[in-house]
Amino acid sequence: MITRPAFTDTLHSEWIKFRSLRSTWLTLGGLVVVGLGLPLLSADPAAQGYLTGTIEEQQDWDPTNGSLLMFFIAQLVIGVLGILVVTSEHATGLMQTSLSATPRRHRLLGAKVAVVAAVSLVAGQALAFPAFLIGQAGFAAAGVPHATLADPRALSAVVGCGFYLAVIALLAVALGALIRATAGALATLVGIVLLVPVLDGMFPPWLDGLLDVWPTLGGAAVIATVPDPDYPQPWLHFAGMSAGILALLVVAFVLFERRDV
């Protein structure tokens, strides 16, 4: 009688593989450098921009968001982490071995999703709070308005930044499972989070609803404290983005079950 591994066994196996990879620690190290280095380096230029800005620009000053703009690059770094969890096994041929050990494919992919979700959520929150504090210390030293976690929507924005990075990591897992190649999945992720937002003004009005929940656009509205008239319900936009990524994960699970490898 063949004994099939329980989900907890598969989860434990995926956690061992995850923490045993050198790329995991290099990527997490890069995430720390980006997440904490950018607020440190950008605080003074941002403060100078406030001091030399117009009255309207000063009224729109959002110190909380200013210290969390590292998410723009950090989402790519944490995306690499999510992609490699799947594509590294395809590249080395280890996926065939993993599937032999865990014939129920949905269980294997589910374990990968669970590991990435847990690690990225912890990493996202652990990164967002220090980034906020570093940025606000820089703004205070420069003599411009700064925020504390007790300010309206500040804590929500910091927590939202961590959640946003975690959801982007799950998007990356889905892309890795769908495309099965690191370069292709990463190029697609870059297009989603960087290229589409840059070109949003070129899209027809009937796509506005989609852009309202798009990563780096409506989906990232939770990271701001100054209301944006284009995205009036930040957490609703974020929920829409999360639902879209969940749907993509479902597609990834279906295809993962049906493919040969």
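**Exercise 1. How α7 meets α8**

Task: In this predicted model, work out in which hand α7 passes α8, how their axes are oriented, and which residues make the contact.

Solution. Start with the hand: the crossing of α7 past α8 is right-handed. Next, take the geometry. The two helices pack at about 150°, and their axes lie 8 Å apart. Angles over 145 degrees count as roughly antiparallel, so α7 is roughly antiparallel to α8. Now list the contact. On the α7 side you will find L109, V113, V116, A117, S120, L121, G124, Q125, L127, A128, F129 and F132. From α8 come L155, V158, V159, C161, G162, F163, L165, A166, A169, L170, V173 and A177. Finally, sort the residues of this α7 and α8 contact by class: 20 are nonpolar, four are polar and none is charged.

**Exercise 2. How α2 meets α7**

Task: Decide how α2 and α7 are oriented to each other, and describe the contact between them.

Solution. Helix α7 covers residues 105-142, and its axis comes within 9 Å of that of α2, with a crossing of roughly 25°. Angles under 35 degrees count as roughly parallel, and α2 and α7 are therefore roughly parallel to each other. The hand is the next step: α2 passes α7 in a right-handed crossing. For the contact, α2 supplies L28, L31, V32, G35, L36, P39, L40, A43, A46, A47 and L51. Its partners on α7 are A123, L127, P130, A131, I134, G135, G138, F139 and A142. By class, the contact of α2 with α7 holds 17 nonpolar residues, three polar ones and no charged ones.

**Exercise 3. How α8 meets α9**

Task: Find the packing angle of α8 and α9, and name the residues through which they touch.

Solution. Helix α8 spans residues 154-179 and helix α9 spans residues 182-198; they pack at about 135°, with axes 9 Å apart. That angle makes α8 oblique to α9. As for the hand, α8 passes α9 in a right-handed crossing. The contact uses I168, L171, L175, G176 and I179 of α8, together with G184, A185, T188, L189, I192 and V193 of α9. Among the residues of this α8 and α9 contact, eight are nonpolar, three are polar and none is charged.

**Exercise 4. The largest pocket**

Task: Which residues lie nearest the centre of the largest pocket, and what is the volume of the largest pocket?

Solution. The volume of the largest pocket is about 280 Å³. Of its 14 lining residues, N65, A220, A221, A224 and D228 lie nearest the centre. To finish, the lining of the largest pocket has eleven nonpolar, two polar and one charged.

Methods. Residues are numbered from 1 along each chain as its sequence is written. This is a predicted model: local features need pLDDT of at least 70, side-chain atom pairs count only at pLDDT 80 or more; totals for chains, interfaces and linings use all residues. Side-chain values use heavy atoms; hydrogens and water are left out. Axes are lines fitted to C-alpha atoms, for helices over the stretch in contact, and angles run from 0 to 180 degrees between N-to-C directions. Helices (H or I, at least four residues) and strands (E, at least two) are DSSP runs, numbered from the N terminus. Angles under 35 degrees count as roughly parallel, over 145 as roughly antiparallel, 65 to 115 as roughly perpendicular and the rest as oblique. A crossing is left-handed if the near helix is turned anticlockwise from the far one by less than a right angle, and right-handed if clockwise. Contact means heavy atoms within 4.5 Å. Ala, Val, Leu, Ile, Met, Phe, Trp, Tyr, Cys and Pro count as nonpolar, Asp, Glu, Lys and Arg as charged, and the others, Gly among them, as polar. On a 1 Å grid over the protein atoms alone, a cavity is a set of points where a 1.4 Å probe fits but cannot get out, and a pocket is an open set with protein on both sides within 12 Å along at least five of seven lines; lining residues have an atom within 4 Å of a point. Grid points are joined across faces, edges and corners, and a volume is the space filled by probe spheres set on the points.
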